[in-house]
Amino acid sequence: MSAERLLTSSLRELAAALAEGRTRAEALADAALERAQALQERLNAFITLTPEAARAAARAADERRRAGNVSLLSGIPLAHKDLFCTRGVRTTAASRMLAEFVPPYDAFVVERLADAGAVSIGKTNLDEFAMGSANEHSHFGPCRNPWDTSRIAGGSSGGSAAAVAAGIVPVATGTDTGGSVRQPAAMCGVTGIKPSYGRVSRYGIIAYASSLDQAGVIARSAEDCALALTAIEGFDPRDSTSLDRPSEDHAAALAAADGQLDGLRLGLPREFFAAEGLDADVRSAVEAAARTYESLGARLVEVSLPRAELAIPAYYVIAPAEASSNLARYDGVRYGYRAPDYADLDDMYRKTRAQGFGDEVKRRILVGTYVLSHGYYDAYYLQAQKLRRLIAEDYRQAFDSCDLILAPTAPTTAWRLGEKGQDPVQEYLQDIYTIGANLAGLPALSHPCGFDSAGLPIGCQLIGPYLAETRLLLAAHAFQGKTDWHRQLPPL
Amino acid sequence: MPAIDLDRIAELARIELTPDSAAAFRADLQRVLALVDRLQAVDTTGVAPMSHPLDLPQRLREDVVTEADQRDALLALAPTAENGLYLVPQVIE
């Protein structure tokens, strides 16, 4: 099968081609690697490509198939965000601090997908330690958007979204602490899902803000997301937040669906559509998506999230506070970067962290240290946690009158690299529609729903009640059965 | 908003700031704190803080060793190690 076919094939089509002997895992891995290498200079979607390991894994998948040992993901090429630890393959978090770090173990998600026979071709670019909404804050340089390489890919999982959009791999992993799966998926015109908090084990994922972090997947369709998500869910005793309950076969639920959404109540939060800064093209594309859902049998209802505007300040207290604690471990002693010159132990810590972290990471550590420091803890951190409960309560009440919430994923399409300038707050404000789901622990996905006047993709977001991943995926799958926004390819 | 004692914050965070970068970080922190200060206006009397989306107690497990011994592999990651020990600058005179 040619690389061009890989570009547009669904996972089920690829699996059928493998099963019928029309292609082999090794040929798919070669095609993915070739395309990744050809586009690397233009997109910078990858931090590390692993051609030898990929070919070995692909040959093993071909061997196992000959022995009759296959799953749907056997031989499927994919890529991991470089925040997932990979045994023997450097895992950088896009930071100078971990530029040479080679983990001695695999993350749960990496292990699960490898066990299913999927073939990782490498590690994708991201904002350093997943802190950012553009993938501009990377020690390895910004990732670029396949639809317009002068623009951002979104963040923090920008490399994974760009790699899927560019047809390098059909699926890639991501993590979402404040929108880091959904927002780059929207910016790059692909589909991404952040499951409920606790659904997917974070074992082996480099921590950012532990009460918000969740692993997810990015693919070309809701169906492909369902297949990948089904493979990575499940209880893992090594993550204390992992839910001890049987995983659901989302993909089987989609296969059994009739493509209609009769009676599904979709809630449109009036505060989201009234928010300052919502681009007119984005608004009309999302409103058109709502009408498409209506034509599939869904009923549109207005709902209210009265404290929507406060999600940003609550998040930008809680996430930096947790980050300042999580990132205290990078001290130049046990692993990672150590400054070459220092006077004593304390000076070694200070210089190691000054040289090893980029500016956005330092900003968040400093903000987090401030809000946790004596005299400010109650006013900032405790107050933000109280707001968090009120925000979660708003979502719970909204779900009294709807089954899913429909909203834009981001207020604008992809901006130009460097456009947000030197004010970090301008980038933070872009997270308004995504961070509520993280604060409340809810599942949410983004799917393409159109293009703006500059030809840039627009994302529609669905947010569900706790553990309603199947409902989210069924809705997006029905939408994608009736539209072809998700089939559009960037002009590369 | 009170003035930020950036030197103290940087010391607590163990991040060395040069005089030039300190000015930029101070301005950034002022902007971020102006953003998050909107929280102060909300009445949260009687609201319990939410530290976590799962309102569940932490799981308990048997107090037994679950990790395999990987001492050599882990020490190999250190910038400097010797005789099974991490090396750091002298801390005791």
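Visitor: What share of the 492 residues of chain A counts as buried?
Guide: For chain A the figure is 62%. Keep in mind that this is a predicted model. To count as buried, a residue needs 20 or more other C-beta atoms within 10 Å of its own.

Visitor: Take one residue, then. Why is A:Ala58 called buried?
Guide: A:Ala58 has 26 other C-beta atoms within 10 Å. The cut-off is 20 or more, so with 26 A:Ala58 counts as buried.

Visitor: Where does A:Ala58 sit, and which residues is A:Ala58 in contact with, leaving aside its neighbours within four places in sequence?
Guide: A:Ala58 belongs to helix H4 of chain A, residues 51–66. With those neighbours set aside, its contacts are A:Ala25, A:Glu26, A:Ala29, A:Gly75 and A:Val119. What puts them on the list is a C-beta distance within 7 Å. For a sense of distance across the chain, A:Ala255 is 197 residues from A:Ala58 in sequence, and their C-alpha atoms are 27 Å apart in space.

Visitor: How do you know whether chain A agrees with a compact globule?
Guide: A compact globule of 492 residues would have a radius of gyration near 23 Å, and chain A has 21 Å, so the two agree. The C-alpha atoms of chain A fill a box of roughly 65 × 55 × 45 Å along the principal axes. As for contacts in chain A with a separation of 6 or more, 76% come from residues 24 or more positions apart.

Visitor: And what does the same rule say about chain B?
Guide: The globule rule gives 12 Å for 93 residues, but the radius of gyration of chain B is 22 Å, so chain B is more spread out than a compact globule. Its C-alpha box is roughly 55 × 45 × 25 Å along the principal axes, and 15% of its 93 residues count as buried. Chain B has three helices and two strands, following the pattern α-α-α-β-β along the sequence.

Visitor: Back to chain A. How many helices and strands are there, and what makes the sheet open or its pairing mixed?
Guide: Chain A has 18 helices and 13 strands. An open sheet is formed by 11 strands in the order E1-E3-E2-E6-E8-E7-E12-E13-E11-E9-E10, with mixed pairing. At its edges are strand E1 (46–49) and strand E10 (299–303) of chain A, each pairing on one side only. From one strand to the next, the twist averages 30°.

Visitor: Which pairings show the two senses?
Guide: Look around E3(A). E1(A) pairs with E3(A) in the antiparallel sense over three bridges, whereas E2(A) and E3(A) pair in the parallel sense over four. Two strands count as paired when there are at least two bridges between them, so three and four both pass. For individual bridges, A:Thr48 has A:Lys123 of E3(A) as its partner, and A:Leu78 stands opposite A:Ser120. Elsewhere, strand E9 (residues 265–269) of chain A runs parallel to E10(A) over five bridges, with A:Leu268 opposite A:Glu302.

Visitor: What packs on the sheet at E3(A), and why is E3(A) called mostly covered?
Guide: Helix H3 of chain A (residues 25–43) packs there, touching E1, strand E2 (77–81) and strand E3 (119–124), and its direction makes about 20° with that of E3(A). As for the covering, six of the six residues of E3(A) are buried.

Visitor: How many residues are in contact between the chains?
Guide: There are 41 from chain B and 55 from chain A. H2(B) supplies the largest share of the chain B side, seven residues. That side divides into 28 nonpolar, six polar and seven charged residues.

Note on methods. Residues numbered from 1 in each chain as written. Chains lettered and ligands numbered in written order. Predicted model: local features only at pLDDT ≥ 70, side-chain atom pairs only at ≥ 80, totals over all residues. Rg over C-alpha atoms; globule rule 2.2 N^0.38 Å. Buried ≥ 20, exposed ≤ 12 C-beta atoms within 10 Å, placed from the backbone. Contact = placed C-beta atoms within 7 Å. Axes fitted to C-alpha atoms, helices over the stretch in contact; angles between N-to-C directions. Nonpolar A, V, L, I, M, F, W, Y, C, P; charged D, E, K, R; others polar.
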